[in-house]
Number of protein chains: 2
Amino acid sequence: MSSSLKPITLWGHKTGPNSWKVAFILEELGIPYEHKFLQLAEMKEEPYEALNPNGRVPTIEDPNNDGLTIWESGACIDYILEKYDTEGKLLPKNEKTKWTARSWRDFQMSGQGPYFGQYSWFINYHPEKVQTAIDRYGNEMLRIVGVMDKQLSKTKFLAGEEITYADLMWVPYFIVAWRVPDVVWEERFPSWGRWWKEIQGREAVEKVWQGWMRLRKEVIGR
Amino acid sequence: MSSSLKPITLWGHKTGPNSWKVAFILEELGIPYEHKFLQLAEMKEEPYEALNPNGRVPTIEDPNNDGLTIWESGACIDYILEKYDTEGKLLPKNEKTKWTARSWRDFQMSGQGPYFGQYSWFINYHPEKVQTAIDRYGNEMLRIVGVMDKQLSKTKFLAGEEITYADLMWVPYFIVAWRVPDVVWEERFPSWGRWWKEIQGREAVEKVWQGWMRLRKEVIGR
């Protein structure tokens, strides 16, 4: 497939997690893409804002489909899967598994993303130190990983015995999110730890991860 | 369609917004459903947790499809549309519009839901008053409505000239979310106000809204 496709443009950010979510999926599927990086200020002005009214990343543009533009990581991923994962490598063909994956996809979007994001915010950027807020979001993070752990004690991956796109969507925040101190996640959540190790061992995941870390190091030194 | 279907079970909460998101869609499509209500504690224990590992609402069960179970409001809605909106009343058939709607759907899930939700949290439930957090989330709410307003100054609905499910997904939080004081939204965001008035005038929206408000009044007196 890949050789006949023009590269999909993926608008992203060098350090933040959300465009990398889409990169993991593209890499796993062997779809050619060009990850282009914006500064935060550029996201909130033209010409980018014409592509993404919310002024954030990611956005994709598909030159193989009249430049069709899609924003929000979940929507980008849904499009890529529906259009290019016709073999069902990451998008389950079984109906039950398909909708279970969709549920975990949305839990990532509405749970992991926001709560992990707010924890990082109150640790790193909030104008004052608010311990009750840090505790709130830290507790939510642990609750969420606990929900995953319980599922992963029953099934190998989130939606069943095979990996789906939903598993991969959870990857970026686990890579860069600040962790609650004094909790060894792999000990408290052994099934999650088993899953996380399995995911890390994937060739496509490792490739994208390393590229991302090189850029992060360049920009923020860690 | 409706007469031949057994009612879909919609697990929800009397006062919180997320299961009502699904109710608006079911009502608009004329699909029979039974909205069943849980207390917060019941969500975190069996038998409900076997349906929804995250222990939240909504979850749907479809007796017309071997009791297929789906959780997270967005996933529930995607299923209902794909399965039952074959005429494309709310799910656009045009490819570009379809993916634009998907982007706005995910912005609701990852933007409006979390930020409006955190604002309410810091106004109502946080153990201490943290004005900087209230300000943060209040500013995000206004930013988000501003993004909608800009889009709605160009198109009648979020994804174009026709209503889609994406518009309806934004409804519940606008009904119950605490608003930032001293800002008249309809004045600051006139295109959003025009859209909001249009949405409120829909028969199905009014019906579900009134039913919800009756329950809220019963439970929390307003």
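Colleague: What should I know about the numbering and the predicted model before reading any value?

Modeller: Residues are numbered from 1 along each chain as its sequence is written, while chains are lettered from A and ligands numbered from 1 in the order in which they are written. In this predicted model local features need pLDDT of at least 70, side-chain atom pairs count only at pLDDT 80 or more, and totals for chains, interfaces and linings use all residues, with side-chain values using heavy atoms and leaving out hydrogens and water.

Colleague: How many disulfides are there over all chains?

Modeller: A disulfide is a covalent bond between the sulfur atoms of two cysteines, and here the term is applied to a pair of cysteine sulfur atoms within 2.5 Å. By this rule, the count over all chains is zero.

Colleague: Is A:Cys76 buried or exposed?

Modeller: Residues are called buried under 20% relative accessible area, exposed over 50% and partly exposed in between, using a 1.4 Å probe and protein chains only. B:Cys76 has a relative accessible area of 0% and is buried. A:Cys76 has a relative accessibility of 0%, and therefore it counts as buried.

Colleague: At what angle do helix α1 and helix α11 of chain A pack?

Modeller: Helices are DSSP runs (H or I, at least four residues) and strands are runs of E (at least two), numbered from the N terminus. Axes are lines fitted to C-alpha atoms, for helices over the stretch in contact, and angles run from 0 to 180 degrees between N-to-C directions. For α1 (residues 18–29) and α11 (residues 203–220) of chain A, the axes are 8 Å apart and the angle is about 140°.

Colleague: Which peptide bond is cis at A:Pro58, and what is its omega?

Modeller: A:Pro58 is placed in the loop between α3 (48–51) and β3 (59–62) of chain A. The cis bond joins A:Val57 and A:Pro58, and its omega is about 5°.

Colleague: Is A:Glu72, with its positive phi, buried or exposed?

Modeller: Most residues other than glycine have a negative phi, and most peptide bonds are trans. A:Glu72, in the loop between β4 (68–71) and α4 (73–84) of chain A, has a phi near 80°. Because its relative accessibility is 11%, A:Glu72 counts as buried.

Colleague: Is B:Asp182 buried or exposed?

Modeller: B:Asp182 lies in the loop between α8 (171–176) and α9 (185–188) of chain B, and its phi is near 70°, a positive value in a residue other than glycine. With 83% relative accessibility, B:Asp182 counts as exposed.
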